[in-house]
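Work through the exercises below with the sequence and the coordinates at hand. Each task is followed by a stepwise solution.

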Amino acid sequence: MTTYLTPFTFNNGVTIRNRYVMAPMTTYSANADDTVSDAEITYYRERSYGVGAVITACAYVIPNGKGFPGQISAHSDEYIPSLKRIADAIHDGGAKAILQIYHGGRQAVRELVPNGDVVSAIDSIAADGGVTRALTVEEIGEIVVAFGETTRRAIEAGFDGVEIHGANTYLLQQFFSGFTNKRTDRYGGSVEKRMTFLLEIIDSVNRAKVQYADDQFIIGYRFSPEEPEEDGITLDETVQLVDRLADEKLDYLHISLGDFRAEARRYSGEKENRIKILKRVIDGRVPFIGVGSIYSPEDAKEAMETGADLLALGRELLIEPHWVEKVAAGEPVSTEMDMSRDNEIPEPLMNMMKRNVGWVPGVK
Ligand SMILES: Cc1cc2nc3c(=O)[nH]c(=O)nc-3n(C[C@H](O)[C@H](O)[C@H](O)COP(=O)(O)O)c2cc1C
């Protein structure tokens with residue numbers, strides 16, 4: 001590999017035109033019934049001409065998993081036409097379409113879930129300060145099934161793959177973390193037991209693939225490498241997780257980071273770059289997507305030193321929807337949002353960025 005602009009072939013034989021993917025980004029912009037809005041379709045289509053694949057905003061798989069206002073849903077068959085619109089828009093630009101599938105757990109929005117019943121691994125305090133109820137084993141089984149059912153819907157809608165959202169402190173991470181999982185049944189305890197839930201989800205998603213798709217259907221898994229809390233995830237635990245995931249039926253692993261340069265914080269080994277450490281653990285078994293603060297072609301070049309096989313671009317594709325095409329053509333790219341330019345960003349997403357000034361460079 002000399003640059004991320006060369007084609008990439010997954011272990012299942014699927015080739016994408018280059019090694020850049022659009023990072024999943026929630027847009028807060030669905031219609032009132034949680035179907036995709038026209039503005040989101042325009043936003044996706046605009047960004048699908050350069051990257052090899054687009055990973056969508058996370059879609060919730062069951063009503064009590066809804067984590068954002070304006071989040072797209074994939075929790076029942078009624079949503080297949082909405083999902084199909086997203087897949088079609090992404091295919092218009094020639095990128096592979098990957099649906100990110102999700103449950104918010106204790107981060108769910110109380111007013112948006114049935115009966116305000118926010119659920120997680122344990123009874124605790126939710127992100128909003130209210131109560132979180134521990135899921136029963138039966139309910140855990142329902143969520144596992146829901147991830148499989150959502151995968152079937154993604155297949156029927158024409159998606160090329162799904163990405164299981166195991167990152168960013170949402171439900172799967174809540175089960176993996178010793179901070180948010182103190183269960184004493186088979187879903188809690190040792191690091192291995194805290195993986196039970198996510199491994200069952202991976203199986204469920206694979207069962208749907210075997211039943212409704214073929215080998216070409218891509219299944220990815222996203223994780224966050226560390227948590228700051230006392231009992232939270234350490235990089236040593238993530239090393240164990242990644243080692244296990246690399247042997248699962250997955251087509252890629254995707255780290256979640258704000259900056260690809262980040263070094264290990266809670267790790268018994270040498271505190272070097274997190275992507276580098278995990279890439280060594282994976283040891284070529286499965287492709288690894290790096291991410292975080294890649295704004296310029298120079299950043300991408302520097303990121304290559306981590307060994308990441310593919311790079312995800314998030315905020316930079318908000319700033320420059322045609323970043324990949326421009327970089328391929330040797331044209332300059334902005335690394336700050338030009339507020340006077342129409343970048344086809346849905347209004348609720350733009351408003352969210354304006355409320356969090358500093359989140360996306362140049363947003364005022
Ligand atoms: C507006 C916005 C929404 C996001 N939504 C999601 C999401 O739905 N799922 C996810 O896994 N990560 C989400 N992220 C994190 C990004 O995928 C990415 O990891 C992060 O922005 C760092 O990459 P970047 O520096 O290229 O933006 C979001 C980030 C932003 C800026």
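**Exercise 1.** How many bridges join S7 to S8, and do the strands run parallel or antiparallel?

Solution. The model is a predicted one.
- Step 1: S7 and S8 are joined by two bridges.
- Step 2: the direction of the pair is antiparallel. Isoleucine 125 has valine 131 of S8 as its bridge partner.
- Step 3: the hairpin of S7 and S8 has five residues between the strands, and in this hairpin glycine 129 adopts a positive phi near 90 degrees.

**Exercise 2.** Which residues are closest to the ligand, and how is the shell around the ligand divided by class?

Solution. 
- Step 1: the ligand is surrounded by 19 residues, and the closest are Pro24, Thr26, Arg222, Ser293 and Arg315.
- Step 2: the shell divides into nine nonpolar, eight polar and two charged residues.
- Step 3: the ligand takes up the space of the largest pocket.

**Exercise 3.** List polar contacts to oxygen atoms of the ligand, using a cut-off of 3.5 Å, and state how much of the ligand area the protein buries.

Solution. 
- Step 1: arginine 315 places a polar side-chain atom 2.6 Å from a ligand oxygen atom.
- Step 2: for a polar side-chain atom of histidine 165, the distance to an oxygen atom of the ligand is 3.1 Å.
- Step 3: cysteine 58 contributes a backbone N or O atom, 3.4 Å from an oxygen atom of the ligand.
- Step 4: the ligand taken alone exposes 600 Å², of which the protein buries 92%.

Technical notes. Residues are numbered from 1 along each chain as its sequence is written. This is a predicted model: local features need pLDDT of at least 70, side-chain atom pairs count only at pLDDT 80 or more; totals for chains, interfaces and linings use all residues. Side-chain values use heavy atoms; hydrogens and water are left out. A residue is near a molecule or strand if one of its heavy atoms lies within 4 Å of it. A polar contact is a pair of N or O atoms within 3.5 Å; within protein, one must be able to donate a hydrogen and the other to accept it, and residues adjacent in sequence count only if both atoms are side-chain atoms. Accessible areas come from the Shrake-Rupley method with a 1.4 Å probe; for residues, only the protein chains shown count as cover. On a 1 Å grid over the protein atoms alone, a cavity is a set of points where a 1.4 Å probe fits but cannot get out, and a pocket is an open set with protein on both sides within 12 Å along at least five of seven lines; lining residues have an atom within 4 Å of a point. A molecule sits in a cavity or pocket if more than half of its atoms lie within 2 Å of its grid points. Ala, Val, Leu, Ile, Met, Phe, Trp, Tyr, Cys and Pro count as nonpolar, Asp, Glu, Lys and Arg as charged, and the others, Gly among them, as polar. Two strands pair if DSSP finds at least two bridges between them. Helices (H or I, at least four residues) and strands (E, at least two) are DSSP runs, numbered from the N terminus.
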